[in-house]
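Hi,

Here is the structure I promised to pass on.

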Amino acid sequence: MSNKFINLSDMQFEISKEQTNYISKINDACKNIRNIETDCYLHERFNENIIPEFGKIGMLGCPISKQYGGLGYDFLTYVMALQKIGMEGGSLRTFFSAHISIGQLILQNWASIEQKKSFLPFTTKGESIMAFALSEPLAGSDPSSLTSTIEEKDDYFLLNGIKHWIGNGTFADVFTIYAKEKGNVDSNLNGKISAFIIDKKNFPDFEIVEIKDKIGLLTVKNAQLNFKNYKIPKKNLIGLRGDGLHIAYTALIDGRLSVAAGSIGVMEDCLTESINHSKERVQHNSLLAKKQLIQQHIVQIKVAIESSKWLVYKTALLRQKLHDYIESLKNEYSDWIYKISKENKEYQKLKNEVDLFASMAKLNATNNAFDVSNRSIQIFGSFGYRKTSRVARHFLDSRATTIYEGANEILELKIASLLLGKEYKAY
Ligand SMILES: Cc1cc2nc3c(=O)[nH]c(=O)nc-3n(C[C@H](O)[C@H](O)[C@H](O)COP(=O)(O)OP(=O)(O)OC[C@H]3O[C@@H](n4cnc5c(N)ncnc54)[C@H](O)[C@@H]3O)c2cc1C
């Protein structure tokens, strides 16, 4: 037998008493909003109770630095909170993903200190809600083909274009947005994508149209945003000009981790619901729970949950490593920008590792959650075919999770190119 042991020392998922207490507060908040969330789902309304209920326990800024009003929790705690929230449905979890994972974390990672001070404290208090505006009607899986344009004028940028499917889009106050440079005196910049902050409270002159015909995720609000000669103050550029796509892509790593975490919660809720129902429902003179084919569904659900957890928690630990490394560099460079990160080999190594694991975690957990919710509906029979049942809502919501934050086909291709090398990139 080989005497070489694999070092699993960084794979201990032990959490402190403080963290356990925090998850139990999340659990209480989930219980408090449960009935209203169900009602809102049936009436396709955003649940207004979420912001005060989760705001009072700091969830609106869970992984954000204390300096900006957040709790400063590590990624494992954040992921476990999202897992718990996921039990109440993908809609609820999507609100947090848009506000935090592909919202605040972008500012925390890439914005200047001035920008952080101007926006983050309001978002952690819940006075401003965040959203991520990358996708366009002609650019979904391939954001590099986006057609929104940005033109530099005297003391502002002029934005023209359409963004669609933007989560929290109907009521968010702060958006990050990505557009192509055009008409620039520096011809090297033309066609490159830059990232900006949209401050709707102070600059509200754009059109917001709610997307109303969704088949699931019915309490989260998605919108199309139409920008026509919209002025963005120069100070709202994030990072360096031309680095927008890198900023968006790193944000999506956090987005994927959040979707994967929520998917575990979805599956856990499906398991509880399925066990309860199968122990109550009698057909052919015995409980469904006594039928071997029903037991097989229940076993498959449990296996899916436990196997998904490994990838999600491991990704959270890797993401924490990347975070700690970035923070250590920030002491050296007051404003952390892509220019520095591009030249830093350790950053690239850590980022590629977390990118790979977040892609695998999301691909695996979302496929599993869709399959699990489908199995649960089968266990429930006709009782699961109504939006009033939790398993039906999980089924409808989890359908979206294989499409957004990187469609699962794209993630498969991405994982392949990370394993085989850039020259094998097939997308
Ligand atoms: C509920 C919901 C919420 C969303 N929230 C946001 C948000 O908050 N912010 C935001 O910016 N966007 C958001 N989106 C948009 C989302 O990111 C896109 O829908 C997603 O990137 C896929 O793009 P698309 O829908 O245009 O599909 P397409 O890009 O047209 O792809 C269609 C199908 O083709 C596959 N495909 C595409 N290219 C390839 C290839 N090279 N090889 C193999 N298969 C391929 C895809 O995997 C997919 O299955 C949301 C979408 C939904 C449904």
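Let me start with helix α3: its buried residues are covered by elements that include α1, α4, α6 (244-278) and α7 (292-330). Helices here are DSSP runs (H or I, at least four residues) and strands are E runs of at least two, numbered from the N terminus.

Before going on, two notes on the source. This is a predicted model, where local features need pLDDT of at least 70 and side-chain atom pairs count only at pLDDT 80 or more, while totals for chains, interfaces and linings use all residues. Residues are numbered from 1 along each chain as its sequence is written.

Back to α3: twelve of its twelve residues are buried, among them Phe75, Tyr78, Lys84 and Gly86. Buried means 20 or more other C-beta atoms within 10 Å of the residue's own, with C-beta atoms placed from the backbone; exposed is 12 or fewer, and partly exposed is in between. From first C-alpha to last, α3 reaches 16 Å, close to the 16 Å expected at 1.5 Å a residue (1.5 Å times one less than the number of residues).

How does α3 pack with α4? Helix α3 (residues 75-86) and helix α4 (residues 90-110) sit at an angle of about 150 degrees, axes 8 Å apart. The axes are lines fitted to C-alpha atoms over the stretch in contact, and angles run from 0 to 180 degrees between N-to-C directions. Leu82, Ile85 and Gly86 of α3 meet Gly90, Leu92, Arg93 and Phe96 of α4.

On to the domains. The chain is divided into domain 1 (12-126), domain 2 (133-238) and domain 3 (244-424), with bounds from an automatic or database domain assignment. In the contact between domains 1 and 3, 26 residues of domain 1 touch 35 residues of domain 3. On the domain 1 side, α1 (17-42), α3 and α4 each give two or more residues, and α4 has the largest share, with ten.

Last, the ligand. It is surrounded by 20 residues, the closest being Ser135, Gly140, Ser141, Gly167 and Ala407; a residue counts if its C-beta atom, placed from the backbone, lies within 6 Å. Because domain 2 and domain 3 both give residues to this shell, the ligand lies between them.

Cheers

Terms used. Contact = placed C-beta atoms within 7 Å.
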